[in-house]
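Hi everyone, thanks for making time this morning.

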Amino acid sequence: MVLGWRRRKIARHAGKKHPDVELVVPNHFRCPISLELMKDPVTLSSGITYDRESIETWLEAGNFTCPATNQILRNFDQIPNHTLRKMIQDWCVEKKNFGVERIPTPRIPVSPVEISEILFSVAASARRLDQYRCLELVQKIEKWGGESERNKRCIVANGVAAVLASAFDAFANDSVERNATVLEEILCALNWMFPLDVEAQRSFGTQASLRCMVWFLRCKDLSPKQNSIVALKELVSCDQHIVEKLSDIEGVIEILVEFIRKQICPIITKASLTIIFHLNSFPCSSEKIKLTFVRTGLVSLLLEILVDSDKSICEKALGAFDELCGCKEGREEAQSNALTVPVLVKKILRVSDLATEYSISALLKLCKYGGRDEGRVLVEALQVGAFQKLLLVLQVGYGDEAKEKATVLMKLLNPYRAGLECIDSVDFKNLKRSF
């Protein structure tokens, strides 16, 4: 017996027998939470049936009661309601002339027990260095993850990343060339499990694992190249020790700069800029690293990127540029480029708060430690409107560090204002509108 009806207008469908007839959907076919037709009905211990996706969202939010009855649940088991699901599918077939598509039979979600079993097998195959068995198991994990977001969350929550990272380290230690296929597959699987937990970082951040990822960066295929650069970006963003290990690998700097030069794809470009930033900014970073980046022509490449790039790339490029200006050679290279000062001043108050802070920091380094070209840089900065923009920075809500740097930079600029046509009193209201 139909408990209730909800009328729903079905759009006109060309060639259908009943293009303008209203379709009514039985209430018991609809999820009590979303009020939509259920695709995967499951029953709770309270006896009420919900769509699996809706009730999982409810439970994951920290709720312990049945949404419909407010009854405290004895357990969180979700029993598939096959009878109701079959009724819904039959109803969809019956109403196909109204434009209703049959709901496919849902796949059974992966359980923690299944995950534990496969993790045991992955660990065993890695110890035996059985790449074919391990490859088969990793592909099965990827298949589970591809079936639903719920499966992905369950896989991550049950420690799969740590086991895969350990297997990656084992095969990388054995031979990258011989185990390239399984290593590439593990890397692909790990890419949707970021951020990694501490245990996974420890295995994934070993020297052997890092060398393996750098090896993949040299591959012609885009997929392993992209997966590797993203993995390296995640690792260096959370552990300074990994940054130090990566900097010791021969050729990594040249590879990163080549990615910036060629700009193969946005993902690789952004990840490369992030890695470059961390390689130059970690406390133990040596002048040798910065000098190597400068000599590869990175300063000019970054300026070319900054001329026309989106917000995300612009922030990362400015961060890397600011770090390179921390060494004498980097400043000299920047000062010799006609784009440097105009681009840096333009980015102040134009892109984001972070971009503004990086721009001011880089300008300050060029003006304060610029050597014989210091005066020229200061005059050029004044000519392109740096003083007015710095005044605005002091007026709006920027951090203390940014304001402090802006103040120091203005003091350096002030003596040079007398020789230029500058306005002594600034109309802040109109000035802010112009930027």
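This is a predicted model: local features need pLDDT of at least 70, side-chain atom pairs count only at pLDDT 80 or more; totals for chains, interfaces and linings use all residues.

The protein chain has 435 residues, and 48% of them count as buried. Its secondary structure comes to 23 helices and five strands. If you take the contacts with a separation of 6 or more, 63% are between residues 24 or more positions apart.

Now to the empty space. Rolling a probe the size of a water molecule over the atoms shows where such space is left. How much space lies in the largest pocket? The answer is about 590 Å³. This pocket has a lining of 23 residues, and those nearest its centre are Lys39, Asp40, Glu53, Pro106 and Ser148. Helix 1 gives the most, with five residues.

The structure holds one cavity of 30 Å³ or more, and the largest cavity has about 40 Å³ of space. Which residues line the largest cavity? They are Ala334, Gln335, Asn337, Thr340, Val341, Leu366, Arg376, Val377 and Glu380. By class, that makes four nonpolar, three polar and two charged residues. Helix 17 (328-335), helix 18 (340-347) and helix 20 (374-383) each supply at least two residues of this lining. The largest share comes from helix 20, with three residues.

Next, a helix pair. Two packed helices are described by the angle between their axes and the distance between the axes. Here I picked helix 21 (residues 386-395) and helix 22 (residues 400-413), which pack at an angle of about 150°, with their axes 9 Å apart. The crossing of helix 21 with helix 22 is left-handed. On the helix 21 side, the contact is made by Ala386, Phe387, Leu390, Leu391, Val393 and Leu394. Helix 22 brings Lys403, Ala406, Thr407, Leu409, Met410 and Leu413. Sorted by class, the residues of this contact are 10 nonpolar, one polar and one charged.

Finally, two single residues. Is Pro224 buried or exposed? Pro224 counts as buried, because its relative accessibility is 2%, and the cut-off for buried is under 20%. You will find Pro224 in helix 10 (residues 222-236). Leaving aside neighbours within four places in sequence, Pro224 is in contact with Glu184, Leu187, Phe216 and Cys219. Pro224 and Met213 are 11 residues apart along the chain, and their C-alpha atoms are separated by 8.6 Å.

The other residue is Lys270, in helix 13 (residues 266-281). Lys270 has 25% relative accessibility, so it counts as partly exposed. Not counting residues up to four places away in sequence, Lys270 touches Asp310, Ser312, Ile313 and Lys316. Lys270 and Phe259 are 11 residues apart in sequence, with 9.8 Å from C-alpha to C-alpha.

That's my tour, and I'm happy to go back to any part of it.

Conventions: Residues are numbered from 1 along each chain as its sequence is written. Side-chain values use heavy atoms; hydrogens and water are left out. On a 1 Å grid over the protein atoms alone, a cavity is a set of points where a 1.4 Å probe fits but cannot get out, and a pocket is an open set with protein on both sides within 12 Å along at least five of seven lines; lining residues have an atom within 4 Å of a point. Grid points are joined across faces, edges and corners, and a volume is the space filled by probe spheres set on the points. Helices (H or I, at least four residues) and strands (E, at least two) are DSSP runs, numbered from the N terminus. Axes are lines fitted to C-alpha atoms, for helices over the stretch in contact, and angles run from 0 to 180 degrees between N-to-C directions. A crossing is left-handed if the near helix is turned anticlockwise from the far one by less than a right angle, and right-handed if clockwise. Contact means heavy atoms within 4.5 Å. Ala, Val, Leu, Ile, Met, Phe, Trp, Tyr, Cys and Pro count as nonpolar, Asp, Glu, Lys and Arg as charged, and the others, Gly among them, as polar. Buried means under 20% relative accessible area, exposed over 50%, partly exposed in between (1.4 Å probe, protein chains only).
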